[in-house]
Amino acid sequence: MMQANHNYSRISDSYLFSTIAQKIDTYTQLNPDKEIIRLGIGDVTQPLVPGIIQALHQAVDEQASTDTFRGYGPEGGYDFLREAIAQHDYQEVGLSMDSSEVFVSDGAKSDIANLQELFALDSIIAMGDPIYPVYIDSNVLTGRLGEWNEELGQWSELVYLESHAENHFRPALPTEKVDVIYLCYPNNPTGMTLTKDELQQWVDFALENESLILFDAAYEAYIQEDGIPHSIYECEGAERCAIEVRSFSKKAGFTGLRLGYSVVPKALTFQNMNLNQMWHRRQSTKFNGAPYIIQRAGWACYQEPARTQIEENISYYMENARMIKEGLKEVGATVYGGDNAPYIWLKTPVGVSSWEFFDQLLEKVQVVGTPGVGFGPSGEGYFRLTAFNTRDNTEKAVERLQKYYSE
Ligand SMILES: *Cc1c(COP(=O)(O)O)cnc(C)c1O
């Protein structure tokens, strides 16, 4: 008899966004005349910039003629894109990077899930908490992390690296031995960052303990302040312990186009196994490359006029973030993040849980955000608002949130 993969039945209880959708549905059915503003979305709203649209059109036309048609491409990505990434994202800022260490993919989510194939099933995993839920769910589907403890809201074998206001969102180094460490900075959901010295401590820890760091830099393009690392490879020795994952989704609005990449350095060797070679083998075996047309659009992100146009879009979202943060501060709310990331992490009022706050905002002012506890146990008592909505909706939402606080 076929045995189903029962790991799937282990995650069904913890799905955040479907619960939110259900609550909104129920509310809308009972209150059809109320207009809801969503600051819960983790998706961009601005269209692709003209420079990218132009590159897409051109690449489509190339597919129409025998001389320029492209079929299967290299599994790791076309050289023009891998070289543009190595040059502009790394060499230009003084980091050494060979294009053969850059692996282009259809996005960061698949890479984050697939990279697990590089380490053993019984690996001990540590993760920042709160965190992007994909890290946890993908490990559970693989059969890791032990049992779900409903009371604690935790997986029994996951090492949670707690971040909250009390430790200034800087998790302490683990006191036990861990094999793989997932870190995301600027962080989704808190919008908080680490300084280069703070990130260096994680690199030093990983080198000392022979651990691997999976560093998710999906929001790197939103960093506004100096002294915040854009890449983990700014830290000394990181090429011997870290994989970095990046995405064109939030940076350039590719959430629908799909493009990302992982850097797997050649210096990354554990027990004589070279991770760069392994990942090359894995991608060649199970992946046939991101579409040529989309890779051309990715390449265009590094050229003018798209490069400047993309920066303007990021400024637009960051102005939204500033408005939300300042607007909430004005009414006395405690807010974090929003300075180097499109996320504002709001402390819920005293005695109000994340989900209670969600319900209150929906019912009283029709603003939707994301309950912090949905991102992990350290998120209880917090709430995530995103800067990805339009300016108009963001302005309206800020007024409504202020109204909530003044009542
Ligand atoms: C949105 C997001 C991703 C997913 O990126 P894609 O390239 O669209 O798959 C990865 N990591 C974090 C932290 C994100 O917020």
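Residues are numbered from 1 along each chain as its sequence is written, and side-chain values use heavy atoms, with hydrogens and water left out. In this predicted model, local features need pLDDT of at least 70 and side-chain atom pairs count only at pLDDT 80 or more, while totals for chains, interfaces and linings use all residues.

Q: How far apart do the C-alpha centres of domain 1 and domain 2 lie?
A: The protein chain is divided into domain 1 (14-43 + 307-406) and domain 2 (53-300); the bounds come from an automatic or database domain assignment. Contact means heavy atoms within 4.5 Å. By contact, 27 residues of domain 1 meet 37 residues of domain 2. Their C-alpha centres are separated by 26 Å.

Q: Where does the largest pocket lie?
A: A pocket is an open set of points on a 1 Å grid over the protein atoms alone, where a 1.4 Å probe fits, with protein on both sides within 12 Å along at least five of seven lines; lining residues have an atom within 4 Å of a point. The volume, about 790 Å³, is the space filled by probe spheres set on the points, which are joined across faces, edges and corners. Of its 34 lining residues, Phe17, Gly42, Lys109, Tyr132 and Lys250 are closest to the centre. Both domains supply lining residues, so the pocket lies between domain 1 and domain 2.

Q: Which helix gives the most to the lining of the largest pocket?
A: Helices are DSSP runs (H or I, at least four residues), as are strands (E, at least two), numbered from the N terminus. At least two lining residues come from each of α2 (16-30), α5 (108-114), α6 (134-142) and α8 (249-252). The top contributor, with 4 residues, is α2.

Q: How many residues of the lining of the largest pocket are charged?
A: Asp, Glu, Lys and Arg count as charged; Ala, Val, Leu, Ile, Met, Phe, Trp, Tyr, Cys and Pro as nonpolar; the others, Gly among them, as polar. The lining has 17 nonpolar and 9 polar residues, and the charged ones number 8.

Q: Which elements do the buried residues of α10 pack against?
A: Buried means under 20% relative accessible area, exposed over 50%, partly exposed in between (1.4 Å probe, protein chains only). In α10 (residues 292-300), 7 of the 9 residues are buried, so the helix is largely enclosed by the rest of the structure. Those residues are Tyr292, Ile294, Gln295, Arg296, Ala297, Gly298 and Ala300. They pack against α3 (50-62), α4 (79-90), β2 (102-105) and α11 (306-330).

Q: Is arginine 400 buried or exposed?
A: Arginine 400 sits in helix α13 (residues 391-406). Beyond four places in sequence, arginine 400 touches Glu35, Ile36, Ile37, Val365, Gln366 and Val367. Its relative accessibility is 16%, so arginine 400 counts as buried.

Q: How far is glycine 369 from isoleucine 41 in space, C-alpha to C-alpha?
A: Glycine 369 occupies the loop between β15 (367-368) and β16 (370-371), and is buried at 0% relative accessibility. Its contacts beyond four places in sequence include Leu39 and Gly40. Isoleucine 41 is 328 residues away in sequence, yet the C-alpha distance is 7.6 Å.

Q: How many disulfides are found in the whole structure?
A: A disulfide is a pair of cysteine sulfur atoms within 2.5 Å. The sulfur of cysteine 235 has its closest cysteine sulfur in cysteine 241, at 8.7 Å, too far for a bond. Cysteine 235 is buried at 2% relative accessibility, and cysteine 241 at 1%. The disulfide count for the whole structure is 0.
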